[in-house]
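My notes follow the order in which I looked.

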Amino acid sequence: MMYQENILDHYKSPRNFGKINDASVHHHEYNPLCGDEIEMFLIIDKDKKIADVKFNGHGCAISQASASMLTEQIKGKNIDGLKKLTKENILEMLGITLSPVRLKCALLSLDTLKNSILIFEKYVKKNE
């Protein structure tokens, strides 16, 4: 019950919700099965750490709460470590068992983060 309350709290009052106009990278992901959308904005500093993060989007409580919780967890972390995050990390963070369909909702934020990092790294490599 406590985990469900936490999910509802993050859904009703999402942390780090918004946009960053001068983000180092931003990326949008969409789940066509349910219509959930998440756009993530990252400021990545010279040490490859997440200096700031915001997300924007809409969808079910699980997708939006997952994005809110994930953004809280990644601030100040190095992107190399974040690339190692797994679905198990997200499930542990949420603290509930999910059906396969709901799992896609929960993992949308992780997919958005990982693809944002890939885009950022390609951009940096291209401009070296």
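I began with helix H2 (residues 61–74), which lies across S2 and S3 and runs at about 175 degrees to S3. For my own reference, helices (H or I, at least four residues) and strands (E, at least two) are DSSP runs numbered from the N terminus, and contact means heavy atoms within 4.5 Å. Axes are lines fitted to C-alpha atoms, for helices over the stretch in contact, and angles run from 0 to 180 degrees between N-to-C directions.

I noted that this is a predicted model, in which local features need pLDDT of at least 70 and side-chain atom pairs count only at pLDDT 80 or more, while totals for chains, interfaces and linings use all residues. Residues are numbered from 1 along each chain as its sequence is written, and side-chain values use heavy atoms, with hydrogens and water left out.

**Sheet.** I then looked up the strands, and found three of them in an open sheet, in the order S1-S2-S3, with antiparallel pairing; two strands pair if DSSP finds at least two bridges between them. Strand S1 (25–30) and strand S3 (50–58) are the edge strands, each pairing on one side only. From one strand to the next the twist averages 15 degrees. Strand S2 (residues 37–44) is joined to S3 by eight bridges, and I found Glu-37 opposite His-58 in S3.

**Helices.** Helix H5 (residues 100–126) lies across S1 and S2, and runs at about 140 degrees to S1. I also checked H5 against helix H4 (residues 87–94): their axes come within 10 Å and cross at roughly 110 degrees. H4 and H5 are therefore roughly perpendicular to each other, a term for angles of 65 to 115 degrees. H4 contributes Lys-87, Ile-90, Leu-91 and Leu-94 to the contact, and H5 contributes Leu-103, Ala-106, Leu-107 and Leu-110.

**Cysteines.** How many disulfides are there? I counted zero disulfides, taking a disulfide as a pair of cysteine sulfur atoms within 2.5 Å. For Cys-34, the nearest cysteine sulfur is that of Cys-105, 3.8 Å away. For Cys-105, which is also in no disulfide, the nearest is that of Cys-60, 3.7 Å away. Is Cys-105 buried or exposed? Cys-105 is buried, at a relative accessible area of 1%, whereas Cys-34 counts as partly exposed at 40% relative accessibility; buried means under 20% relative accessible area, exposed over 50%, and partly exposed in between (1.4 Å probe, protein chains only).

Definitions and conventions. Angles under 35 degrees count as roughly parallel, over 145 as roughly antiparallel, 65 to 115 as roughly perpendicular and the rest as oblique.
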